[in-house]
Amino acid sequence: MTPFSNLRAFLGIAAKWAVLAVCASGVIGVACLSRWVFAFVWPLICIASAVAAYFIVSIGVSLTPGVVELGVANGISMWSTLVSGQLIAVAAAAALLSVVIVLIRWRCVTASRRETIVIGLLSAAAAIIPVNISPSVHIAVTARLPFSLYYSFSRYYDSRTAISEVRTTYDNVNVAAAADAPDVYVVIGESLRYDHIPQNGYHRNTMPLMSLDTALISFPRIYSEAFYTHASVPVIMTDTDSLTRDEAYSRQSFISLFNKAGYSSAWFANQDFSDSYAPFAHEADTLVYCSKVMSVYSYEKYLDTDIIPHIDRWLDSETAKPRLAVIHTIGSHWWYRSHYPDSEDNFMPDIDSHDVGSLSHEQMVNSYDNTILETDRFISALCQRLRERDAVVIYISDHGENLGENGAYLHATPGDFTHRPACMIWYSEAYARLRPAKVDAIKRYRDRDGNTDAIFHTVVDLADLTTEAFTPQRSLIYGEESH
């Protein structure tokens, strides 16, 4: 169900659906130009769309590149368990209706050559032009049926192509783990700006659990050049800087370096993949999809605390190796209300419409802050599981978020706060006892100016790896006394 709270919101949503309808009608119009093409294409679109819609309604799973990957990875035996009488009935009804429409088109619809050319041009324009109006329109349209039937497979193919590219960044690089190597957890947050957490002076206690933990240290002066996930994550994961940023898309990440040092690695995904960072996830020994791989346009609950059972199972698996985990969270991604439980909507009134233009500033901020409460619950649950271990956690949001500054919201446009992500480091008692110099450096350099391209070296530094790939001066916690 699409939420809206007033006439303005309804009209805004109707306009967005109108764009989708125009694009879809364009595709259908192009298919109609030939009876033979229509007879082949239309039943396929109808049946595939009906099946995809059935899974959205019945189990809340949208067609995304991640779902395609799961389908390929699990094979036909697993997916056959999802076949039911209802699904067969839906597919059969769609097939029957599509055949009826094909017969009507075949027998009753004719057009002159001139009419065919005009219809073809208008249909092609309707299918192509709206999709390319802006990046946000393109993403919104291609994530929905019937376009997702093509774009989900296309983006999956792009990811697989990127994954299959040979990357040899650390093949000839020496690396060694310390004898008492700690477990390292890298949490990649989503859209959390630095000034909305109490550790940085925010007037609301949006992190009531972790604000009580003195082992959590915030770094409030971090800058992210990128304000989109697909551009920011590669910078976080790789050894790049302002001069080599474009190389982030072709290098290996620190996961490969840790693997080579003898770590057991895992990537926990609570977001769908982009081809820009899918190769990094596949560097890990273990790849875990934590959600139902829903579209970010889903209005169902899509929580980061749902990751915890997957982490528990990984922690319960036996290994003599130290552990590295990268946890990619959904965090404070729009639509905010999807990312915190209704029972935890502490700041009210929160949002009640998907149309940003119809919402008040108070609603937007309240709902955004409610997502941070969920982030707090997730980080607290993670740290609770690591308290008795030699472990360190670094949290870095991919970018920040606009919350009304200069009239802008979300992170579709650049702004002062889209470039200011939250960054925090937490350490266990065992980590502090074994590495007092590093903990002292974490506290001492908390106000250091830094960029997200420092995360690679900070992670290596926190793990105490020995390697020529590490540049100490680029670590957020660099100090002569700590090295």
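In this predicted model, Phe254 is buried, with a relative accessible area of 0%, and Phe258 is likewise buried, with a relative accessible area of 0%. Both residues belong to helix α9 (residues 254–260), where, being four residues apart, they are separated by about one helical turn. The centres of their rings lie 6.1 Å apart and the planes stand at 65°, so the pair of Phe254 and Phe258 is edge-to-face. These two residues also take part in one aromatic cluster, which they form with Tyr170, Tyr263 and Phe456.

Across the whole structure, 12 aromatic pairs are found. Among them is the pair of Tyr185 and Trp314, whose ring centres are 6.4 Å apart and whose planes meet at 80°, so that this pair is edge-to-face. Because Tyr185 lies in strand β2 (residues 183–189) and Trp314 in helix α11 (residues 308–316), the pair ties together parts that are 129 residues apart in sequence. Tyr185 is buried, with a relative accessible area of 0%, and Trp314 is buried, with a relative accessible area of 7%.

Apart from its neighbours within four places in sequence, Tyr185 is in contact with residues including Trp314, Arg323, Ile327, Leu382 and Ile394. Tyr185 is also one of the residues that touch the most other members of the largest nonpolar core, which holds 95 residues; Phe254, Phe258, Trp267, Phe268, Ile327 and Leu382 complete that group. The largest share of this core, nine residues, is supplied by helix α12 (residues 361–386).

Strand β2 is also part of an open sheet of seven strands with mixed pairing, in the order β3-β11-β8-β2-β7-β5-β6. Since β3 (216–218) and β6 (286–289) stand at the edges, each with a single partner strand, one side of each is left without a neighbour in the sheet. On average, and with direction ignored, neighbouring strands of this sheet are turned by 15° against each other. Within the sheet, β2 pairs with strand β8 (residues 391–397) in the parallel sense over seven bridges, and Val186 has Ile394 as its bridge partner in β8.

Helix α14 (residues 436–444) packs on the sheet, where it touches β3 and β11 (423–427), and its direction makes about 150° with that of β11. Helix α15 (residues 455–463), in turn, lies across β2, β8 and β11 and runs at about 170° to β8.

Key: Residues numbered from 1 in each chain as written. Predicted model: local features only at pLDDT ≥ 70, side-chain atom pairs only at ≥ 80, totals over all residues. Heavy atoms only, no water. Phe/Tyr/Trp six-rings, centres within 6.5 Å; stacked < 30°, edge-to-face > 60°. Helix = DSSP H or I, 4+ residues; strand = E, 2+ residues; numbered from the N terminus. Buried < 20%, exposed > 50% of the residue type's maximum accessible area, 1.4 Å probe, protein only. Core = buried A, V, L, I, M, F, W, Y, C linked by side-chain atoms within 4.5 Å. Contact = heavy atoms within 4.5 Å. Pairing = 2+ DSSP bridges. Axes fitted to C-alpha atoms, helices over the stretch in contact; angles between N-to-C directions.
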